[in-house]
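Got a model open and wondering where to start? Here's a quick run through it, one question at a time.

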Amino acid sequence: FGLFFAAGLFFGQVSNSNAHELIHRPAALHWLGVPVYTSLLFGHHASVHNKVHHLWAASAKDPNSARMGEGFYRFALRAWPGSFSAGLKAEHNRSLNPYFINIGGAGLTLALAALLAGPAGLGALIGLAGYAQIQLLLSDYVQHYGLQRAVGPDGSLEPMRPAHSWNSPHFFTSFLMLNAPRHSDHHANATRPYPALRLPTKGEAPMLPYSLPVMAAIALIPPLWRRVMRRELAKWHKAR
């Protein structure tokens, strides 16, 4: 059990951070990140993150942006199928749809697990992938929770700004996660290498009260999460 949870934590935090960095790089490196997500049975994330999330984050058009008051479990049940279908729609005009690779790779991973260790190996892989996927969804949930871009009279969204992402100034966890908690700068400069990502200035963007992993753990307890974030959102709106 210790190995299971340690491995799942590594896949969800470290593997995800590295794969996320790779899918934002040019094609040769991008395709090194895709198998990481595919091995976690989450290959569609490589499509939906770039082609949906970065366009529509902090709006109703993004299935991976959490609404104010929405608990994590309700969010996860909406975000997983919503992101799968949104990514598929975004890739529909590709001559070789990446979903063939994603689904085929997931099937191959499952087959290898069953071949190597039988039903127990298959069950372990599904459990590890599910555990890692929850952590990926927790990152999305925390980093845009309750933040909404304004909609103009013509129905168009205002440009994505630093104020539409939660950030974390905590050095150690940012170092472990390749500066993923410097989320506003990542959205403004998606191709910027992680060592160059900057924290927004004070008052420019909302800051999480604790590190991203701690906030993800709090999100697993929806009443506690809502109490903490109601306070933080009120502070942010008052400071603007």
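Q: How many salt bridges does a search of the whole structure find?
A: Keep in mind that this is a predicted model. A pair counts when a side-chain nitrogen of Lys or Arg lies within 4 Å of a carboxyl oxygen of Asp or Glu. Searching the whole structure that way, the number of salt bridges is eight.

Q: What is the mean pLDDT of the chain, and which helix has the lowest confidence?
A: The chain averages a pLDDT of 94, and 100% of its residues reach 70 or more. Confidence is highest in α4, at 97. At the other end, with a mean of 89, sits helix α6 (residues 171-176).

Q: Which residue forms a salt bridge with arginine 94?
A: Side chains of opposite charge can pair when their charged atoms come close. For arginine 94, the closest N and O atoms of the pair are 2.9 Å apart. The partner is glutamate 91.

Q: Is glutamate 91 buried or exposed?
A: The cut-off for buried is under 20% relative accessible area. Arginine 94 has 34%, so arginine 94 is partly exposed. Glutamate 91 has a relative accessible area of 3%, so glutamate 91 is buried.

Q: Which residues are linked with Glu91 in a network of salt bridges?
A: Arginine 94 forms a salt bridge with glutamate 91. That pair belongs to a network, and the residues linked with Glu91 there are Arg94 and Lys51.

Q: In the salt bridge between glutamate 232 and arginine 231, what is the N to O distance?
A: Glutamate 232 is buried because its relative accessible area is 6%. Arginine 231, at 41%, is partly exposed. Their side chains meet in a salt bridge with an N to O distance of 3.1 Å.

Q: Aspartate 62 has no salt bridge, so how far away is the nearest side chain of opposite charge?
A: Aspartate 62 sits in the loop between α3 (45-56) and α4, and it is buried. Its side chain makes polar contacts with the side chains of histidine 53 (2.9 Å) and serine 65 (2.5 Å). A salt bridge needs a separation within 4 Å. The nearest side chain of opposite charge is arginine 78, and its distance is 7.4 Å.

Q: Which side chain does a polar contact join to that of aspartate 154?
A: You'll find aspartate 154 in the loop between α5 and α6. At 64% relative accessibility, aspartate 154 counts as exposed. The contact is 2.7 Å, and the side chain joined to it belongs to serine 156.

Q: What is the phi of asparagine 179?
A: Asparagine 179 is in the loop between α6 and α7, a loop that also holds leucine 178. Leucine 178 is not a glycine, yet has a positive phi of about 55°. Asparagine 179 is buried, with a relative accessible area of 11%. Its phi is also positive in a residue other than glycine, near 65°.

Q: What accessible area do Trp31, Leu96, Phe100 and Ile101 have together?
A: Leucine 96 is in the loop between α4 (72-90) and α5 (98-144), and at 53% relative accessibility it counts as exposed. Along with Trp31, Phe100 and Ile101, Leu96 forms a nonpolar patch on the surface. Together their accessible area is about 430 Å².

Terms used:
Residues are numbered from 1 along each chain as its sequence is written. This is a predicted model: local features need pLDDT of at least 70, side-chain atom pairs count only at pLDDT 80 or more; totals for chains, interfaces and linings use all residues. Side-chain values use heavy atoms; hydrogens and water are left out. Patches are made of residues with over 30% relative accessible area and no salt bridge: like charges are joined within 9 Å, nonpolar side chains (Val, Leu, Ile, Met, Phe, Trp, Tyr) within 5 Å. Accessible areas come from the Shrake-Rupley method with a 1.4 Å probe; for residues, only the protein chains shown count as cover. Helices (H or I, at least four residues) and strands (E, at least two) are DSSP runs, numbered from the N terminus. Buried means under 20% relative accessible area, exposed over 50%, partly exposed in between (1.4 Å probe, protein chains only). pLDDT is the predictor's confidence in each residue, from 0 to 100. Lys and Arg count as positive and Asp and Glu as negative; His and the chain ends are not counted. A polar contact is a pair of N or O atoms within 3.5 Å; within protein, one must be able to donate a hydrogen and the other to accept it, and residues adjacent in sequence count only if both atoms are side-chain atoms.
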